[in-house]
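My notes follow in the order I took them.

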Amino acid sequence: MAAGRSSLPAPAMAAGAALATILVLALTLGTLGAVFHRAGGAGGFVPSDWHALRFTVSQAAISAVLSLLLAVPVARALARRRFAGRKLLVTLLGAPFILPVIVAVMGILAVFGRSGLLNDGLAWAGFQRVSIYGFSGVVLANVFFNLPLAIRLILQGWQDIPAERFRVAESLGFRSGDIARHLERPMLWSRAPGVLVTIFLICLTSFAVALTLGGGPKATTVELAIYQAFRHEFDLGRAASLASLQFGICALATLAAARFTWASGIGTGLDRPVIRQDAAGLGARTRDAALLVLASLFLLAPLAAILIAGLPRLSSLPATVWQSALRSLAVALTATAATTALALPLALASAWRVLGRIPGRIPGRIPDIVAALPLASSSLIIGTGLFLMFQPFVRPGDIALPVTVAVNATMALPFAYRALAPAARALEADYGRLAASLDLRGTARLRHLTLPRLARPLGFAAGLTAALSMGDLGVVILFADDGSTTLPLQIYRLMGAYRMEDAAGAAVLLLGLSLGLFWLFDRGGRGDA
Amino acid sequence: MLELDAIRIRQDQFTLTAGFTVAPGQRVAVIGPSGAGKSTLLSLIAGFLAPDGGRIRWNGTDITDLAPGKRPLSIVFQDQNLFPHLSVAANVGLGLRPDLRLSRAEQASVQSALERVGLSGLEMRRPAALSGGQQSRVALARVLLRARPLILLDEPFAALGPALKAEMLDLVAGIAGENRAAVLMVSHDPADARRFAPDTVLVAEGTAHAPQPTAALLDAPPPALAAYLGQ
């Protein structure tokens, strides 16, 4: 076979990719190993662990199925209607991905909680108040986060049906039922598995949701059990065996998900409705309108509730909240730098095979696999492992923030990589030869070609990472003391102390900072391009 | 002098062999049926592909293992010759110094190269703000500035109209003359070959044949070329 020489990497970039690979392996598999090593092998499982496993899998499965079932009619309504604000609505559907979990949970509680709007309504009408803590609350929050994702993924499916097919169907006199049978259901059958497995995977690792809305022996996820084993009992053996359990189910789900394109459903153009004669009737139009209003209400009411409760408190927040906000900003910005430094060389490495020696063979897939590893890990395991590695030397509170940075940087890597890799491949395909013929290498190439051409996906990836890290309520809770409390953790503590007004004010601050960071980075990438 | 010594490359079902020389200042057209390997031949010489056998030499020095940017040549592609995010001046300046740290004198030579191809005053434009012909001129200004002794053209003017294409070929001829550079030009159009290149390499049936006089070849084409030309 002939070799493509132009695709051979510069030594510095190859070293960068190798270093990133080693770091990711150490952070994902290495930390798992550290937990095992310290535990002296897996401890035995107790019955409650199996219950946690059942709860984890069933809440994820039911959340995935519910999200999908609810998403189909809403996506259909979006696909076939044109109305003012449609574009905005589609954009908003992308927002939950970067929404801090703790903020959304507060909003959900404000609407559906014991003293929320829904229960007030029920009580007013003479019904019993309902509690959403436990299984139903966890599922509700999961659906809140993943319904928009499901809608966007399925909407994409609808828009991938060529408009010509609808025209052919129309010319053949198809009715709605015929269109559903010949065009829509085949599309749904092909998309549904990918959507299901993607949401299932996300819900497997939704620690913050389980922490805030679950708990108790009946509603404990595996991750929550790791947290309890570590924090309350300091039973490392149990934490280790639970960690392996979590890694096992996540790895299985990731492998299953890898067979489908788990598109993130963010950042793609979805603003092209298909005009359809078959759905022009008053009944269909009313039904679609009602669905869209209901879905929007479900997604926007919790956020509106938080804004209404929190905005007036913003000016009188305690100093500790502002201090933790600054700390979170520092964590988010450091994690963003780290993730970018990991993702960029990996993404560039993934492009080498485009003109490379081994097209499509395993070595060319290594960056893909490395970047997907964090999906199979759990932030709790990474955090516990890192703590155990450094434990002989430091106090937990001292490494709470560095560990949080490392965990956030690792967990955001798959998403940053997904944003960068296609652009890096296109860059090599379009300009690799020209750059090689002009001897454009090393820093000159980075400065004059790579960074300017990748500014947009880089900005998007950085914004995503910053927002995810800013809003993360995960591993920090294992170690943090008063001097290392992040803003999400501060909100969690305020909620625990029933200082709900301060919590709402801090939630508005967190929401603003998360969305603001995303906007700034994303905007910056567009401006430079 | 460019020397292809028993060059052999295999890609899937496709093979190409080449063994010939090109003299300094010689202008050679490369023609042949689609998929015969014209672009592969240029990619081998430019260094984007490594041959499975044989050596490529320049003035007796083996350049087979040299990186594309280190070879004594400039190449102009069918498209993607310019970086869209860089100004016209920067795109040309890259030909002198890839890190774009241009001295006063180097900036002046960028300027005069752009003047030479008729683009004065457009230095700060982005490629997207130029016409197709102007974009070709920018690429040629860079070729002029690099002043390498071998110029490879991989159908860079295929998208231009006949008059504009003729103009570009004259410009290439002028630039090659100034640098005493040899030119290999892939073309689909026999008229281009007649106009520009006294000699022609025929690429057909797995072989890149040694250059032969263009007029004679086109007047009495061998069967493979005749079929391609529709004669």
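I began with the domain assignment of chain B, which gives domain 1 (2-72 + 148-229) and domain 2 (83-147). The model is predicted, and I read every value below with that in mind.

I looked up the spacing next. The centres of domain 1 of chain B and domain 2 of chain B, taken over C-alpha atoms, are separated by 25 Å.

How many residues of domain 1 of chain B are in contact with domain 2 of chain B? I noted 15, and they are in contact with 11 residues of domain 2 of chain B.

Then I checked the area. About 1200 Å² is buried between domain 1 and domain 2 of chain B, and carbon and sulfur atoms give 62% of that. In domain 1 of chain B, the most area is lost to domain 2 by Arg148(B), Leu171(B) and Ile175(B). Together they make up 44% of what that side buries.

I turned to the charged pairs. The count between domain 1 of chain B and domain 2 of chain B is 2 salt bridges. I looked at the salt bridge of Glu167(B) and Arg137(B), where N to O is 2.3 Å. I also noted 3 residue pairs in polar contact across this interface of chain B.

Which helix gives the most to the side of domain 1 of chain B that touches domain 2? I found helix H5 (residues 162-179) of chain B, with 9 residues. Sorted by class, that side of domain 1 of chain B has 10 nonpolar, 2 polar and 3 charged residues.

I moved on to chain A. Chain A is divided into domain 1 (8-41 + 317-529) and domain 2 (48-314). Their centres, over C-alpha atoms, are 24 Å apart.

I counted contacts here as well. In chain A, 52 residues of domain 1 are in contact with 41 residues of domain 2. The two domains of chain A bury about 4100 Å² between them, with 80% of it on carbon and sulfur atoms.

I looked up the polar links of chain A. The rule finds 2 salt bridges across the interface of its domain 1 and domain 2. I noted a salt bridge between Glu501(A) and Arg313(A), with the closest N and O atoms 3.5 Å apart. Across this interface of chain A, 6 residue pairs are in polar contact.

Several helices of chain A each supply at least two residues of it, including H1 (11-39), H16 (396-437) and H21 (500-528). H21(A) gives the largest share, 14 residues. By class, I wrote down 39 nonpolar, 9 polar and 4 charged residues for that side of domain 1 of chain A.

Definitions and conventions. Residues are numbered from 1 along each chain as its sequence is written. Chains are lettered from A and ligands numbered from 1 in the order in which they are written. This is a predicted model: local features need pLDDT of at least 70, side-chain atom pairs count only at pLDDT 80 or more; totals for chains, interfaces and linings use all residues. Side-chain values use heavy atoms; hydrogens and water are left out. Domain bounds come from an automatic or database domain assignment. Contact means heavy atoms within 4.5 Å. Buried area is the accessible area (1.4 Å probe) that two parts lose on being put together, summed over both. A salt bridge is a side-chain nitrogen of Lys or Arg within 4 Å of a carboxyl oxygen of Asp or Glu. A polar contact is a pair of N or O atoms within 3.5 Å; within protein, one must be able to donate a hydrogen and the other to accept it, and residues adjacent in sequence count only if both atoms are side-chain atoms. Helices (H or I, at least four residues) and strands (E, at least two) are DSSP runs, numbered from the N terminus. Ala, Val, Leu, Ile, Met, Phe, Trp, Tyr, Cys and Pro count as nonpolar, Asp, Glu, Lys and Arg as charged, and the others, Gly among them, as polar.
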